[in-house]
Amino acid sequence: MPQSASFALGPGTLRLIEGDITLDDADAIVNAANAALAGGGGVDGAIHRAAGPKLPAACREIIAQIGHLPAGGAVITPGFELPARFIIHTVGPIWRGGNQGEPEALRSAYAASLARAAENNLSTIAFPAVSTGVYGYPVELAAPIALGTMAEALMAGAVAEIRLYLHGRHAFDLWRCAADDLFGEI
Ligand code: AR6
C-alpha cells in the first residue's frame, strides 16, 4: 500500500508521496538532471522515457543557448507526453563530503525550481529527492535542506502545493520522519 502524508504550511500544503513521479499530474514535475540535460539513469531516465522523443530536442535547444546548467540552476520545458504540463530540470550537487558547497547548491536547486514554477504561474509542483541517488547526497543531510526550502516557498504563498515523491518505502519513511521532526503532521 503506497504511503502518503500531508503537512499544512501557511496557506500551502506539502505532500510526501511514495511512488513514481512520472505519473503525477502536477502543473510541473521536477527532474533531477545533469549539467548537459542529456538524460541518464534514475528519475531522469524515467522522465525522459515517459515524456517521449520531443524532450531531448528541447533540452538540446536550451544547452545550445546556455552552455550547461550549473548545479543549483533550473530551466523549464514542456511536459510533452507526461500528465504534467511542464518539466523543471534542475541539477543537484554531486556529494563530495559536504565542504564543496553542496548544501548551498542543493538549497538553490529547490529554490530555483520553485522560482521557475512561480514565474510561470504554476501552483502545484512535484519534486523527487534531488541528489540523493546517483549523486550520493546523504538523505539525513538532504532532507532538512529540501524540506526547509519547500516550506519557505509554501509559507510565502509562492506555490499552493508541493508533492515530494519518494521512491520506495524505505525512502518514504526516512523523509516522513524528517518532516515530522520539522513540521508535525496534520
Ligand atoms: N519517481 C520518483 N523518484 C525516483 C524515480 C521515480 N520514477 N526514480 C528514481 N527516483 P537520481 P540524482 C529517486 O539518481 O542523485 C541521473 O543519471 C531515487 O530513488 O535519479 O540527483 C541524472 O542524469 C532517488 O531517491 O538523481 C544525473 O546524472 C532520487 O530519485 C544523476 O542521475 C534521485 O536519484 C542525478 O543524480
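**Figure 1. Ser131 in its loop.** Ser131 belongs to the loop that runs between strand E6 (124-127) and helix H4 (139-155). The model shown is predicted. Phi of Ser131 is positive, about 75°, although the residue is not a glycine. Most residues other than glycine have a negative phi. Ser131 has a relative accessibility of 5%. Ser131 therefore counts as buried, the limit being under 20%. Ser131 is also among the closest residues to the ligand.

Figure 2. Leu37 sits in the loop between strand E3 (28-32) and H1. Its phi is near 50°, a positive value in a residue other than glycine. With a relative accessibility of 5%, Leu37 counts as buried.

Figure 3. The largest pocket holds the ligand. Around the ligand are 21 residues. The closest are Asn34, Val43, Asp44, Ser131 and Val134. Helix H1 (residues 42-51) gives the largest share of this shell, with four residues.

Figure 4. Asn34 places a polar side-chain atom 2.8 Å from an oxygen atom of the ligand. Gly41 has a polar backbone atom 2.8 Å from an oxygen atom of the ligand. For Val43, a polar backbone atom lies 2.8 Å from a ligand oxygen atom. On its own, the ligand has 700 Å² of accessible area, and the protein covers 88% of this. Asn34 and Val43 are also listed among the closest residues to the ligand.

**Figure 5. Two cysteines, Cys59 and Cys177.** Cys59 has a relative accessibility of 1%. Cys59 therefore counts as buried, since the limit is under 20%. Cys177 has a relative accessible area of 49% and is partly exposed. A disulfide is a covalent bond between the sulfur atoms of two cysteines. The cut-off used here is a pair of cysteine sulfur atoms within 2.5 Å. By this rule, the model has zero disulfides.

Technical notes. Residues are numbered from 1 along each chain as its sequence is written. This is a predicted model: local features need pLDDT of at least 70, side-chain atom pairs count only at pLDDT 80 or more; totals for chains, interfaces and linings use all residues. Side-chain values use heavy atoms; hydrogens and water are left out. Buried means under 20% relative accessible area, exposed over 50%, partly exposed in between (1.4 Å probe, protein chains only). A residue is near a molecule or strand if one of its heavy atoms lies within 4 Å of it. A polar contact is a pair of N or O atoms within 3.5 Å; within protein, one must be able to donate a hydrogen and the other to accept it, and residues adjacent in sequence count only if both atoms are side-chain atoms. Accessible areas come from the Shrake-Rupley method with a 1.4 Å probe; for residues, only the protein chains shown count as cover. On a 1 Å grid over the protein atoms alone, a cavity is a set of points where a 1.4 Å probe fits but cannot get out, and a pocket is an open set with protein on both sides within 12 Å along at least five of seven lines; lining residues have an atom within 4 Å of a point. A molecule sits in a cavity or pocket if more than half of its atoms lie within 2 Å of its grid points. Helices (H or I, at least four residues) and strands (E, at least two) are DSSP runs, numbered from the N terminus.
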